[in-house]
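Okay everyone, thanks for coming. Let me put today's structure up on the screen, and then we can walk through it together.

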Amino acid sequence: MSADIEDILAAFAHFDTIIIHRHINPDPDAIGSQTGLALLLRAAYPQKVIYTAGPPAPNLAWIGPQQDVPLTAYKGALVVVIDTANRSRVAGSHFDQGEMLIKIDHHLNEDQLGSINWVDTNASSASEMVWELTRRSQKLTLNKPAAAALYAGIIGDTGRFLYDLTTARTHQAAADLLTTGIDVPAIGRREDQFPEKVGRLIGWALEHVIITASGAGSLIITQAVLKQFDLAYGEEQRVVGNIGKLASIDRWVVFTERQDGKYRVELRGKTKEINTLAVRHGGGGHPLASGAVADNLAEVQAITQELTQL
């Protein structure tokens, strides 16, 4: 057992209050790993107080709820930041106000967030890492609710086992989760479905994405487009994966205009690594799935040009 995992499990046993944070603009793995870990801890230590901190995430509330944690709860508490590479992307306030801070993540280690930073870039997801904890602990035992949350996280971050970081260990994790009796088809259907207005946006996106001769795709979703389809910021995320299903695209970027005039940048690649491009623009992530923020249209155009040249 690695020293990091031993120390993490010891911290779980020691602290009476544990507060788990995830990243902003959450995806299924962020909520799944956060919720799954909380459910495992509550089952193992019913006397402890376990929080899942962060603003509401309505589209993912079916995986697990979020809580507004008061500052007073952080005194003497263990704080866990999961599935989050850097400080600026932590959702919720006061995460650095506890007695001890632990980071559990599978992205490139951009920030050392606490006294323990367990980072495994070979893991498919943070949910897979939480499953790993159950293999190393005599206290954390898989149960059906936790397994459902972790499975949702794994299939979310692996694109249902399509992406490069899907390994034999990933499938072993999924197999273990299935032994609890979770309803795999129901979880898959719930994660795959979307509202009609999102479907209309996907149709619009497939018509408007620009694809170069070399297979670079780019799309800009403005605030006006979000308003046209009656979408809240964040609901357009389903577009990103669907654009990549086009056979003519090898790598692609989706820019979404924020209310402050900046643009969220979602970079993806099928064969060419795009994370170095994201890092050049203040972001980061995985080799084939990264993100950043563009300050203006000039930076949007620069990113598009750099992607085309890869």
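**Helices, sheets and a ring pair**

Let's begin with helix α1, residues 3-14, which lies across β1, β3 (78-82), β4 (100-105) and β5, and runs at about 125° to β5. Before I go on, keep in mind that this is a predicted model. Helix α2, residues 28-44, lies across β1, β2 and β3, and its direction is about 175° to β2.

So what are these helices lying across? Here we have an open sheet of 5 strands, and the order is β2-β1-β3-β4-β5, with parallel pairing. At the edges you find β2 (49-53) and β5 (116-119), each of which pairs on one side only. On average, neighbouring strands in this sheet are turned by 15° against each other, if we ignore direction.

Zoom in on β1, residues 17-21: β1 and β2 pair in the parallel sense over 5 bridges. Look for Ile-19, and opposite that residue you'll see Tyr-51 in β2.

While we're in this part of the chain, check out Lys-48. The charged end of Lys-48 sits over the ring of Tyr-45, 4.8 Å from the ring's centre.

Now for some antiparallel pairing. Strand β8 (residues 251-257) pairs with β9 in the antiparallel sense, over 7 bridges, and Val-254 stands opposite Glu-266 in β9. The hairpin of these two, β8 and β9, has 5 residues between the strands, and Gly-261 there takes a positive phi near 90°.

And β9 has another partner: 6 bridges join β9 to β11 (residues 289-294), again antiparallel. In that pairing, Arg-264 is opposite Val-293 in β11.

Last stop, the aromatic rings. The count comes to 1 aromatic pair. Why do we call the pair of Trp-204 and Phe-229 edge-to-face? Because the ring centres are 6.3 Å apart and the planes are at 65°, and the cut-off for edge-to-face is over 60 degrees. Trp-204 is in helix α7 (residues 196-208), while Phe-229 is in the loop between α8 (223-228) and α9 (238-243), so the pair ties together parts that are 25 residues apart in sequence. Both Trp-204 and Phe-229 are buried, by the way.

Notes:
Residues are numbered from 1 along each chain as its sequence is written. This is a predicted model: local features need pLDDT of at least 70, side-chain atom pairs count only at pLDDT 80 or more; totals for chains, interfaces and linings use all residues. Side-chain values use heavy atoms; hydrogens and water are left out. Rings of Phe, Tyr and Trp (its six-membered ring) pair if their centres lie within 6.5 Å; planes under 30 degrees apart count as stacked, over 60 as edge-to-face and the rest as tilted. Helices (H or I, at least four residues) and strands (E, at least two) are DSSP runs, numbered from the N terminus. Buried means under 20% relative accessible area, exposed over 50%, partly exposed in between (1.4 Å probe, protein chains only). A charge sits over a ring if NZ of Lys or CZ of Arg is within 6 Å of the ring centre and within 35 degrees of the ring normal. Two strands pair if DSSP finds at least two bridges between them. Axes are lines fitted to C-alpha atoms, for helices over the stretch in contact, and angles run from 0 to 180 degrees between N-to-C directions. Contact means heavy atoms within 4.5 Å.
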